[in-house]
Amino acid sequence: MENLLLQNIAKHVTLTPDEEKTVLNAFASDRFKAKTIVIKPGDEAHFTYFVLKGILRSYTIDDNGNAHILSFATPGWWVADMYSYLTGKPAILYVDVMEDCEVLILQKCDSERLFKEVPKLERFFRILTENNLIANQQRVLDKMSLSAEERYEKFLAKYSDIVNCLPQKYIASFIGVTPEFFSKMKANLLRRK
């Protein structure tokens, strides 16, 4: 399973066998059952998860009790409350487990140590951060300029491997519509086919 982490890193940087060992030794591993909340607002979330198995989601809850999903993390993806991770302040997001999962956990202090011991990792995480920034910017632009149907099509393309595992209300939340609207929209799309 740890090979998945090394494969993920190898997409952007090449590590020597010694560097690979150093990297793997910096991570702890854990397993969580479905419905476990692994981060909640107020937690000190100075770590990031690399998903080996299962599905996690990050989200916030507004004053009306509505969840707004920011991301889903599947095997090979990273998930964290980046605000807490980077600032050292309490978390502002929830991260929970949607499907039993196995993760590798990297503490912020261990990532700083790794940057010194394996400088290539600084480049790796910079690339991840840049890609995340681009994806978030695109998502904001999509929300402003695309219809709900178009946002759903993009969702299907991005998360095709898990779309059938997700409750419809989570997909609705991710694309920014109510579950009722999503149900009607999906029915209309099916009628057109």
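Student: Does R57 count as buried or exposed by its relative accessibility?

Tutor: Two notes come before the answer. This is a predicted model, in which local features need pLDDT of at least 70 and side-chain atom pairs count only at pLDDT 80 or more, while totals for chains, interfaces and linings use all residues. Residues are numbered from 1 along each chain as its sequence is written, and side-chain values use heavy atoms, with hydrogens and water left out.

Buried means under 20% relative accessible area, exposed means over 50%, and partly exposed is in between, with a 1.4 Å probe and protein chains only. R57 has 7% relative accessibility, so R57 counts as buried.

Student: In which strand is R57 placed?

Tutor: Helices (H or I, at least four residues) and strands (E, at least two) are DSSP runs, numbered from the N terminus. R57 belongs to strand β3.

Student: Which side chains make polar contacts with the side chain of R57?

Tutor: A polar contact is a pair of N or O atoms within 3.5 Å; within protein, one must be able to donate a hydrogen and the other to accept it, and residues adjacent in sequence count only if both atoms are side-chain atoms. The side chain of R57 is joined to that of D96 by a polar contact of 2.9 Å. Another polar contact, of 3.4 Å, runs from the R57 side chain to the side chain of Y170.

Student: Which residues does R57 touch, not counting residues up to four places away in sequence?

Tutor: Contact means heavy atoms within 4.5 Å. On that count R57 touches I69, S71, F72, Y94, V95, D96, M98 and Y170.

Student: Over the face of which residue does R57 lie?

Tutor: A charge sits over a ring if NZ of Lys or CZ of Arg is within 6 Å of the ring centre and within 35 degrees of the ring normal. R57 lies over the face of Y59, 4.0 Å from the ring centre. Elsewhere, the charged end of K108 sits over the ring of Y85, at 5.1 Å from its centre.

Student: How many aromatic pairs does the structure hold?

Tutor: A pair of aromatic rings is described by the distance of the centres and the angle of the planes. Rings of Phe, Tyr and Trp (its six-membered ring) pair if their centres lie within 6.5 Å; planes under 30 degrees apart count as stacked, over 60 as edge-to-face and the rest as tilted. The structure holds 17 such pairs. In one of them, F32 and Y49, the ring centres are 6.1 Å apart and the planes stand at 85°, so the pair is edge-to-face. F32 lies in strand β1 (residues 28-32) and Y49 in strand β3 (residues 47-61), so this pair ties together parts 17 residues apart in sequence. F32 counts as buried at 17% relative accessibility, and Y49 counts as buried at 4%.

Student: Why is the pair of F124 and F125 called edge-to-face?

Tutor: The planes of F124 and F125 are at 75°, with ring centres 5.0 Å apart, so that pair is edge-to-face. Both F124 and F125 are buried. They also belong to a cluster in which ring pairs link F27, F50, W78, F115, F124 and F125.

Student: Which residues touch the most other members of the largest nonpolar core?

Tutor: In soluble globular proteins, nonpolar side chains tend to be buried together. A nonpolar core is a set of buried Ala, Val, Leu, Ile, Met, Phe, Trp, Tyr and Cys residues joined through side-chain atoms within 4.5 Å. The largest one has 20 residues, and F72, F155, I175 and F182 touch the most other members. The elements giving two or more residues to this core are β3, β4 (67-73), α6 (148-158), α7 (168-175) and α8 (179-192). Its largest share, five residues, comes from α7. A second, separate core of 18 residues includes L5, A26, L104 and F125.

Student: How many disulfides does a search of the whole structure find?

Tutor: A disulfide is a covalent bond between the sulfur atoms of two cysteines. The cut-off used here is a pair of cysteine sulfur atoms within 2.5 Å. The search finds zero disulfides. For C101, the nearest cysteine sulfur is that of C165, 14 Å away. That distance is too far for a bond. C101 counts as buried at 3% relative accessibility, whereas C165 counts as partly exposed at 45%.
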